[in-house]
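This report goes through one protein model, part by part. Please look at the sequence and the structure first.

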Amino acid sequence: MEHDLAKGPASDAAPAGRRRSRTTKAFWRKIRQPLAQSRFVKNAIASLFAQFVRFVRLTNRVVEGSARFSGGAYTEFEPGIIVLWHGQHLLTPAYYPKRKPLVAMVSRSADAELNALMLEKFGIEAVRGSGGRENARHLDKGGAKALIALKKSLAVGKNVAMIADIPHGTPRDAGLGIVLLARLSGRPLVPVAITTSRRKVLEKSWDKTTINLPFGRSSIVIGPPIFVAAGADDAEMERKRQEVTVALNAATDEAYRLVDAPR
């Protein structure tokens, strides 16, 4: 008798719990899409991301041996095309000098919209497109328009920034889009790597996205500029693509070496 009485309420509670869970999930599904489309929500999230990146910059001392965007040998190559790897670029807005014009290419995907909004918080202009194509002769319409916009920005003296590797392609292997921009504009490709000693690598992400953390050390490495001749043929474009890959990987390795060296 006692056993039956104890069992009864428990069996009633389980379906009620499942019903509440289903109700909660249904409610979230109902509001998730409107939230994702809300400009207000997107701006709020972008502001939080920007504040976090600023905090990481503030709490990570730049180590000796790092480069600087302002002054030094780099300025003689301006305006230039700053080249970065996917997943390793998130700190760039906080380290790039204020009041120095910069135009960055950002993917046209919905996920990248937050990235574009965050760049705006730093006064960086975002151009939507995808420039890291495997075949520079077959850029899609959006990618071609974006490259034209970047070329115009370079022509008026603004630096531009592009991600070198192709989204969901081979990580840390440059595409031809950036090489095409260098050929069209006559401006150099400048490999840049920025990292911190405290970081979390998202191993399951295709590009091993790195989340930089506060209260450590940071480093900036700017590699030698790479020029592409206006008359470069397909073979030369491929050589330059490989040169960018090697140079940007070398800059990345050096940035990690600087922050991970024993102190």
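## Helix α4 and what covers it

Helix α4 is followed by G123, a residue with a positive phi, near 75°. Helices here are DSSP runs of H or I with at least four residues, strands are runs of E with at least two, and both are numbered from the N terminus. The model is a predicted one, in which local features need pLDDT of at least 70 and side-chain atom pairs count only at pLDDT 80 or more, while totals for chains, interfaces and linings use all residues. Residues are numbered from 1 along each chain as its sequence is written, and side-chain values use heavy atoms, with hydrogens and water left out.

Helix α4 spans residues 113–121, and its buried residues are E113, A116, L117, M118 and L119. Buried means under 20% relative accessible area, exposed means over 50%, and partly exposed lies in between (1.4 Å probe, protein chains only). The cover over the buried residues of α4 includes α2, α3 (92–95), β3 and β4, where contact means heavy atoms within 4.5 Å.

## The sheet

Seven strands make up an open sheet of mixed pairing, in the order β1-β9-β6-β2-β5-β3-β4. At its edges stand β1 (60–62) and β4 (125–128); each has a single partner strand, so one side of each is left without a neighbour in the sheet. From one strand to the next, the twist averages 30°. For such angles, axes are lines fitted to C-alpha atoms, for helices over the stretch in contact, and the angles run from 0 to 180 degrees between N-to-C directions. Two strands count as paired if DSSP finds at least two bridges between them.

Four bridges hold the parallel pairing of β2 with strand β5 (residues 159–163), where I82 faces A161. β2 also pairs in the parallel sense with strand β6 (residues 189–196), over three bridges; there, I81 has L189 as its bridge partner.

## Strand β9

How many of the seven residues of strand β9 are buried? Six of the seven residues in β9 (residues 216–222) are buried, so the strand is largely enclosed by the rest of the structure.

Strand β9 runs parallel to β1, joined by three bridges, with R61 opposite R217. β6 and β9 run antiparallel and are joined by five bridges, with A193 opposite V221 in β9.

## Salt bridges

A salt bridge here is a side-chain nitrogen of Lys or Arg within 4 Å of a carboxyl oxygen of Asp or Glu. By this rule, the count comes to nine. One of them joins the side chains of K42 and E113, at 2.9 Å from N to O. This pair links distant parts of the chain, with K42 in helix α2 and E113 in helix α4, 71 residues apart. K42 is buried, as its relative accessible area is 18%.

Helix α7 (residues 234–260) also holds R241. In this helix, R239 forms a salt bridge with E236, with the closest N and O atoms 2.7 Å apart; the two residues are three apart in α7, about one turn of the helix. E236 is partly exposed because its relative accessible area is 23%. Another α7 pair, E254 and R257, is likewise three residues apart, about one turn of the helix, and its closest N and O atoms are 2.8 Å apart. E254 counts as partly exposed at 28% relative accessibility, and R257 is partly exposed at 48%. Salt bridges that share partners also join D173, E238 and R241 into one network.

R241 is buried, with a relative accessible area of 13%. Not counting residues up to four places away in sequence, R241 touches D173, A174, G175, L176 and V179.

## A nonpolar surface patch

F55, L58 and F215 make a nonpolar surface patch of about 370 Å². Patches are made of residues with over 30% relative accessible area and no salt bridge, with like charges joined within 9 Å and nonpolar side chains (Val, Leu, Ile, Met, Phe, Trp, Tyr) within 5 Å. Accessible areas come from the Shrake-Rupley method with a 1.4 Å probe, and for residues only the protein chains shown count as cover.

L58 lies in helix α2 (residues 39–58). L58 counts as exposed because its relative accessibility is 70%.
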